[in-house]
Amino acid sequence: MKLAKFQSMFQASVRAGSGEADKPLLKKLRSSPHGANPETLLAVYQSGYRLRLADFVSQDHPGLRAILGDEAFETLVDDYIDQRPSRDFNARFFTTGLPDFMRDSPTWRDDARPVSMALFERAMVDAFDAPDKTPLAVQALAEFSPDDWPRLAFDFDPSLALLELAAGTTASYGAAINEEPPPEKVDAPATGDEIEYAAVWRVDHESAYRQLEPDEYVALCEARAGHAFGDICQMAAFQQSGDIAPERLAQCLSSWFEEGLIIGLRVCSDDQSSKTPSSA
Amino acid sequence: MEKPAPLGYGLGLRPVYYDEILSSRPPIDWFEIISENYMLAGGRPLAMLDRIRADYPVVMHGVSMSLASTDPLNMDYLRQLKALAERVQPAWISDHVAWTGVHGVTLHDLLPIPYTRESLAHIVERIQRVQDFLKRRLVVENASTYISFLDSEMSEHEFVREMAERADCLLLLDVNNVFVSSFNHGFDPVAFIDGVPAERVVQFHMAGHTDNETHRVDTHDQPVCDEVWALYEHARRRCGDVSAMIERDDNFPPLSELLDEMQHMRDIDARISNERALSAA
């Protein structure tokens, strides 16, 4: 048998697990000197394959396992392994497609909490090995004249992810990683209702997260999109909070510096600062 | 045969030991990294590697080159590997006599091949292309296998010898893999070690495995067993001064236990040296 044909046959057998389809391959194998039949020896590769990939998912998704329970989690993982075989040489990225798989799956797409947890945990994993950048201290603002502040724009750490999640996602995740009982079940939110916002990023080599108030979430999204401080203050989301918008935004900005989220500051040109924020 | 200078006694670098290595600077001569674990954009793995590399020699050991696959060589993988090598400046780069998948799929395992003339020509050509791309000799390791093929036209050690000589590559002799495969397929492990070209061996791997009575599985989650220590002594007598290391990938013990295993390698080597000195006197 040619090498290419053997490899196709072997791979199909490993992916499918032991069964009738193994027979042509088993005919090509020698017997073991210690009594293991070829089926048993082939099963070392078949079972190892599933165990290994399932372990990758378990490592990256403790929160998902906690909210689904072991049985449903293992069903999901089996489906994922069957339908989305790994195509990246680096095992680290096998789990990257899980949230999208769930959103595409008739079984999972309407179940907001698990999908939301998968998205959140993917962001945590991605933050861990995102590119390295050096955060700026708040003192960096002193290099800019107060007259320039309205036109100040910010560059954010590449590990930062801003997420709109089903309510209770971050609490469930916190309970799972601390091996506590899950919080009381939160019903799947209706569209636009019962949601929470979170930021995920990396601090001191570890992934971190915190919930965001809706106004801070909008401000962060706009700031990351390149909009200037003054423009964000004019946004509807901030206007609704009364006449303290600049103070509230300054408070947010201070947190972003403290948390190491900001890696760059620049003064936008007049053209750039006058563009309308996307969610205003 | 020009070979890299021996590095002494090493350990597979694993995240669970980062902090202890950096704080206590244990008596380890060099580290081997799993290349793919550091083929990342940034973060803790690369930061730890940079700190450890500042004080220790490092070699890069990959599991994804898929040298025996009939898929095209993954040039994206090789470019990332080369970039990592430029950062790490490893003493050498190694991978396996194995394949990991075809049709663009990877099974994340080191899969066996029939030892045929077709397989040999295929892997030799790919090793040569990899060496041309990396601009260095590749170090290639014998893998553990659990199945063997009626189609094979030569023994594993004949395959490895022919591969190394035709591709002009170097060898990583995994002593535990020799033992595991010899048990599973019923060949003589001493004959294997005697059959590979000693002058091309630059590294030994030592590890533990799982004994399932009818077959043994290369799990790297146990201490090195007595039979493998005996084979190590034979390999050392045959291959001489070769960099040797302990691989542990699961069921991680305190670092001190791995240091004890490294000391056991040193003790065996000292005994061999003393015997040679006495017989020469």
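Student: In strand 4 of chain A, which residue is the bridge partner of A:Val200?

Tutor: That's A:Tyr209. Keep in mind that this is a predicted model, where local features need pLDDT of at least 70, side-chain atom pairs count only at pLDDT 80 or more, and totals for chains, interfaces and linings use all residues. As for labels, residues are numbered from 1 along each chain as its sequence is written, while chains are lettered from A and ligands numbered from 1 in the order in which they are written.

Student: What makes strand 3 and strand 4 of chain A a pair?

Tutor: Strands (E, at least two residues) and helices (H or I, at least four) are DSSP runs numbered from the N terminus, and two strands pair if DSSP finds at least two bridges between them. Strand 3 (residues 195-203) and strand 4 of chain A have seven bridges and run antiparallel, so they count as paired.

Student: Why are strand 2 (161-166) and strand 4 (206-212) of chain A called edge strands?

Tutor: The open sheet of chain A has the order 2-3-4 with antiparallel pairing, and strand 2 and strand 4 each pair on one side only. The twist averages 30° from one strand to the next.

Student: What lies across strand 2, strand 3 and strand 4 of chain A?

Tutor: Helix 7 (residues 112-128) of chain A does, at about 160° to strand 2. Helix 9 (residues 214-224) of chain A packs on the sheet too, at about 145° to strand 2. Those angles run from 0 to 180 degrees between N-to-C directions, with axes fitted to C-alpha atoms, for helices over the stretch in contact.

Student: How many residues does each chain bring to the contact?

Tutor: Chain B gives 40 residues and chain A 41, where contact means C-beta atoms, placed from the backbone, within 7 Å.

Technical notes. Two residues are in contact if their C-beta atoms, placed from the backbone, lie within 7 Å.
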